[in-house]
Amino acid sequence: MLEPLHDKKLKLLEEKANEIRQSIIEMLVEAGSGHSAGPLGMADIFTAFYFHILNHDPKNPEWPDRDRLVLSNGHICPVLYVTMAYAGYFPKAELKTLRKINSRLQGHPHRTALLGLETTSGPLGSGLSQAVGMALAAGLDKKKCRIYCLMSDGEHDAGNVWEAAMFAGKNRLSNIIAVIDRNNIQIDGHTENIMPLEPLKDKYRAFNWHVLEVDGHNIEAFVDAVNEARAVYEKPTVIIAHTVPGKGVSFMENDYLWHGKPPTKEEGKKALAELRTLQGKIISEHE
Amino acid sequence: MLNSKTKLNQKIFDKDVEMKPIRDGYGAGLVTAGTEDSNVVVLCADLTESTRSLKFQERFPERFFEMGVAEQNLAAVAAGLGVSGKMPFISSYATFSPGRNWEQIRTTIAYNDANVKIAGHHAGLMTGPDGATHEMTEDIAIMRTMPNMTVLVPCDAIEAEKATIMAAQTKGPVYIRFAREKTPVITTKDTPFKLGKNNILWQTDSPSVAVFVTGTLTHNALLAAKELEEEEGIESLVIGVHTIKPLDEKNVVEMAKKTGAVVTVEEHQVAGGLGGAIAECLAKNHPTPIEFVGLRDTFGESGNPWDLINKYGMGVKDIKAAMKKAAGRK
């Protein structure tokens with residue numbers, strides 16, 4: 001079991017997720033390119049991982065017994081970088097180097113560029129396979145660590161994902177917990193128009209996975225789901241996390257056109273104002 | 001004459017020269033590598049017997065993983081193992097791996113610097129009856145252009161065993177090319193095998209052409225050198241190139257300077273393979289006339305392996321013609 005999530009900590013995590021969203025906006029404006037919707041949509045889940053779920057040590061990123069977080073859909077790396085910086089893996093000031101020359105923060109994450117990254121990713125569909133490899137290695141070495149693999153829904157168009165899912169099911173790799181960012185958008189439009197994924201739960205069940213479904217913005221519910229997944233020992237588990245792409249910024253939410261572009265300076269200001277006031281629900285001194 | 005320093009099989013030119021499939025060396029090498037290092041694991045995509053991965057599976061069943069017909073997963077699972085302290089060897093046919101899963105190899109193994117060894121089997125035209133779908137003739141090109149990748153092409157079963165063990169001793173991603181058909185045993189246990197170091201197999205007093213050869217056609221190249229000397233008094237050098245990358249540039253330049261004419265011989269497209277590597281090296285360091293023996297921008301077909309070699313211009317007479325042509329261009 002993970003540590004219990006008390007109300008006080010939950011509130012802290014929710015506030016942290018909001019700060020992380022603000023930093024994502026700032027770094028994307030500075031970079032002038034990159035993806036907006038996915039990173040904002042996954043901020044709550046990344047916060048839950050780096051500040052509550054993962055057994056890790058930012059000061060010792062190569063600790064062999066650490067849990068692994070594999071980001072398969074590398075394009076949402078702004079949320080990974082920001083959360084890692086907040087967790088202490090590297091200075092926050094470095095966030096403004098995203099996508100710039102000589103930066104450790106490549107446009108898509110590169111393992112050997114930055115300690116703490118577990119994989120190189122970008123081309124979609126291969127993260128779950130790499131997580132499977134890590135799970136096999138942990139099994140051979142009798143390590144207790146967990147391998148968490150974060151995937152997008154759109155990348156499930158790729159056959160490689162299903163090759164990995166089939167193998168993990170066959171080998172009952174219960175040390176793998178996959179999380180799907182079910183935000184229903186991909187570059188060209190809505191997932192169910194581009195290439196229907198439903199019934200997604202049934203597909204994973206048919207591949208011999210334990211399947212959970214959760215609100216990806218409810219940190220408490222997400223942590224509960226991870227706890228359940230950790231208790232399942234005869235199968236790998238996938239958590240289908242329903243998220244709102246662009247979460248927290250009204251003009252980005254649920255609009256697939258925000259999948260792959262950054263906010264302009266003006267849009268960035270508006271977005272930050274919304275995040276600081278929780279979309280106008282509170283009057284901030286920043287106004 | 002055969003270079004005595006390379007301690008080659010003395011029966012090379014005999015009618016009853018021992019014939020062995022190059023892939024046999026992989027199975028033997030895997031068992032040795034697995035015995036020496038408990039981190040060695042083997043993954044195979046439903047071709048356990050024909051890639052000779054079976055030898056390892058029988059010896060170390062707990063370190064063997066059957067992946068099914070899923071080469072993209074094969075490569076990326078190996079990457080995950082490779083960044084977790086394991087040393088995976090992945091076995092399949094070269095048309096599928098690195099053919100089908102090239103991007104996974106590029107992103108998750110080469111760029112990711114995962115310690116994975118890729119064994120591409122049934123490479124070359126001599127896969128024979130299976131036809132062109134299974135005759136991989138572009139693998140050297142697509143693998144040697146990949147940053148961070150070492151590329152090895154053994155010439156016989158003995159060298160294949162050494163190459164497999166060498167791959168395990170070499171840090172980082174390595175591609176090794178293997179062939180299906182039985183081919184003459186060229187080397188012995190005592191033949192030198194150093195990463196990135198060519199072997200001079202045939203040498204003469206006043207050579208007028210240097211033949212660089214890799215893999216299965218080494219015997220043809222040696223026969224061509226011998227016959228050309230006996231028939232027309234044309235002396236030559238034959239240099240075995242088991243390491244395509246990093247190329248032994250020093251040796252290549254030295255041999256080109258010595259002879260002034262070069263022929264490359266490989267069971268691969270003439271574009272981008274051994275010939276491409278040698279041409280790049282010489283264009284940069286010592287421009288020299290080169291003739292290329294290999295497949296000329298065409299696919300193969302079904303047939304008897306050695307008949308295919310002759311039909312597609314890689315026979316002994318083709319190599320002799322190329323040697324004369326290169327020497328004549330000086």
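Reader: In what order do the five strands of the open sheet in chain A stand, and is the pairing parallel or antiparallel?

Author: Strands of a sheet pair through backbone hydrogen bonds, and this pairing can be either parallel or antiparallel. In this structure, which is a predicted model, the five strands of chain A form an open sheet in the order 1-2-3-7-6, and their pairing is parallel. Strand 1 (68-71) and strand 6 (210-215) of chain A are the edge strands, each of them pairing on one side only, and from one strand to the next the twist averages 20 degrees.

Reader: How many bridges join strand 2 of chain A to strand 3 of chain A, and which residue stands opposite A:Leu150?

Author: Strand 2 (residues 147-152) and strand 3 (residues 176-182) of chain A run parallel and are joined by six bridges; within strand 3 of chain A, the residue opposite A:Leu150 is A:Val179.

Reader: Which strands of chain A does helix 5 of chain A lie across?

Author: Helix 5 of chain A lies across strand 1, strand 2 and strand 3 of chain A, and its direction makes an angle of about 175 degrees with strand 2 of chain A.

Reader: How should I read the packing of helix 3 against helix 4 in chain A, and at what angle do their axes cross?

Author: Two packed helices are described by the angle between their axes and the distance between the axes. For helix 3 (residues 43-53) and helix 4 (residues 77-87) of chain A, the axes come within 10 Å and cross at roughly 35 degrees, and the crossing is right-handed. Helix 3 of chain A contributes A:Ala43, A:Phe46, A:Thr47, A:Tyr50 and A:Phe51, which meet A:Val79, A:Leu80, A:Thr83, A:Met84 and A:Ala87 of helix 4 of chain A. Of the residues in this contact, eight are nonpolar, two are polar and none is charged.

Reader: Which element gives the most to the side of chain A that touches chain B?

Author: In the contact between the chains, 20 residues of chain A meet 22 residues of chain B. On the side of chain A, helix 5 (127-140) and helix 6 (159-170) are the elements that give two or more residues, and helix 5 of chain A gives the most, with eight residues. By class, this side of chain A has eight nonpolar, ten polar and two charged residues.

Reader: Why is helix 6 of chain B described as largely enclosed by the rest of the structure?

Author: Helix 6 of chain B is largely enclosed because eleven of its 13 residues are buried, among them B:Ala157, B:Ile158, B:Glu161, B:Lys162 and B:Met166.

How values were computed:
Residues are numbered from 1 along each chain as its sequence is written. Chains are lettered from A and ligands numbered from 1 in the order in which they are written. This is a predicted model: local features need pLDDT of at least 70, side-chain atom pairs count only at pLDDT 80 or more; totals for chains, interfaces and linings use all residues. Axes are lines fitted to C-alpha atoms, for helices over the stretch in contact, and angles run from 0 to 180 degrees between N-to-C directions. Helices (H or I, at least four residues) and strands (E, at least two) are DSSP runs, numbered from the N terminus. A crossing is left-handed if the near helix is turned anticlockwise from the far one by less than a right angle, and right-handed if clockwise. Two residues are in contact if their C-beta atoms, placed from the backbone, lie within 7 Å. Ala, Val, Leu, Ile, Met, Phe, Trp, Tyr, Cys and Pro count as nonpolar, Asp, Glu, Lys and Arg as charged, and the others, Gly among them, as polar. A residue is buried if 20 or more other C-beta atoms lie within 10 Å of its own, exposed if 12 or fewer, and partly exposed in between; C-beta atoms are placed from the backbone. Two strands pair if DSSP finds at least two bridges between them.
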